[in-house]
Amino acid sequence: MNHKSIGFLNSFTLKMIAILSMLTDHIGFIFYPENFIFRAFGRLAFPIFCFLIVEGFHHTRSHLNYLVRLIVFAAISEIPFDLAFRGVLFDWQHQNVFFTLALGLISIFCLEEMNSRRIYMLPFILTWGFAYFLKCDYGVGGVIFISTLYLTREMPWIRLILSSLILYLFWGAFELFGLLAIIPITFYNGKRGASIQMPFYWFYPLHLLVLYGIKTYL
């Protein structure tokens, strides 16, 4: 089935769902760590963001500019990330998810180029190494997950099966709640929607700072 034929959700709408899920997850992690509902709903965010990375790769005018934006906001977000989740300015033991998304984008580019130039096999494997040594959020599994979504873009049932395996093998049964992201993704119509880009990038570091401020005040 062509998802675009039944779709009524655009890229903007998917981003809003992912952001709401992420915010709920972070509120739960920081303030209500024992609340099952907060964390379960929060599992939708990462699969949707990964899906949007794949779609962004296919629709962006410049892969380089796209990558630079991700890297810049990875750097901007690191201190807010460490403050919110670690309570310190710098913690080299865990980096924010923008690093994972950037490495995932690089892995997609390598897979695309491997069709004609096998030399890209090496940098593709290196993205796994960088994810491991950077200790970025979702790590090697996150990069593999993005690559899998790219490779199965036109095969929804295979995408569902492989996504389930990756979520379970890398992060356990609880992460399978992320499969609920298939519901909004199924109704994606392939369109961009409202042209509001930078606020989405800024939301990540800013909401972490706000949550850290609230936690510190309380």
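This is a predicted model: local features need pLDDT of at least 70, side-chain atom pairs count only at pLDDT 80 or more; totals for chains, interfaces and linings use all residues.
Residues are numbered from 1 along each chain as its sequence is written. Local features need pLDDT of at least 70, side-chain atom pairs count only at pLDDT 80 or more, and totals for chains, interfaces and linings use all residues, while side-chain values use heavy atoms, without hydrogens and water.

Rolling a probe the size of a water molecule over the atoms shows where empty space is left. A cavity is a set of points, on a 1 Å grid over the protein atoms alone, where a 1.4 Å probe fits but cannot get out. The structure has 1 cavity of 30 Å³ or more. The largest cavity holds about 90 Å³ of space, the volume being that filled by probe spheres set on the points. Its lining residues (an atom within 4 Å of a point) include Pro47, Phe51, Arg159 and Ile185.

A disulfide is a pair of cysteine sulfur atoms within 2.5 Å, and the count here is 0. For Cys110, the nearest cysteine sulfur is that of Cys136, 15 Å away. Cys110 is buried (under 20% relative accessible area) because its value is 2%.

On the surface, Leu64, Val68, Val72, Ile76, Met198, Trp202, Leu206 and Leu209 form a nonpolar patch, with about 670 Å² of accessible area together. Such a patch joins nonpolar side chains within 5 Å, from residues with over 30% relative accessible area and no salt bridge; a salt bridge is a side-chain nitrogen of Lys or Arg within 4 Å of a carboxyl oxygen of Asp or Glu. Areas come from the Shrake-Rupley method with a 1.4 Å probe.

Terms used: Patches are made of residues with over 30% relative accessible area and no salt bridge: like charges are joined within 9 Å, nonpolar side chains (Val, Leu, Ile, Met, Phe, Trp, Tyr) within 5 Å. Buried means under 20% relative accessible area, exposed over 50%, partly exposed in between (1.4 Å probe, protein chains only). On a 1 Å grid over the protein atoms alone, a cavity is a set of points where a 1.4 Å probe fits but cannot get out, and a pocket is an open set with protein on both sides within 12 Å along at least five of seven lines; lining residues have an atom within 4 Å of a point.
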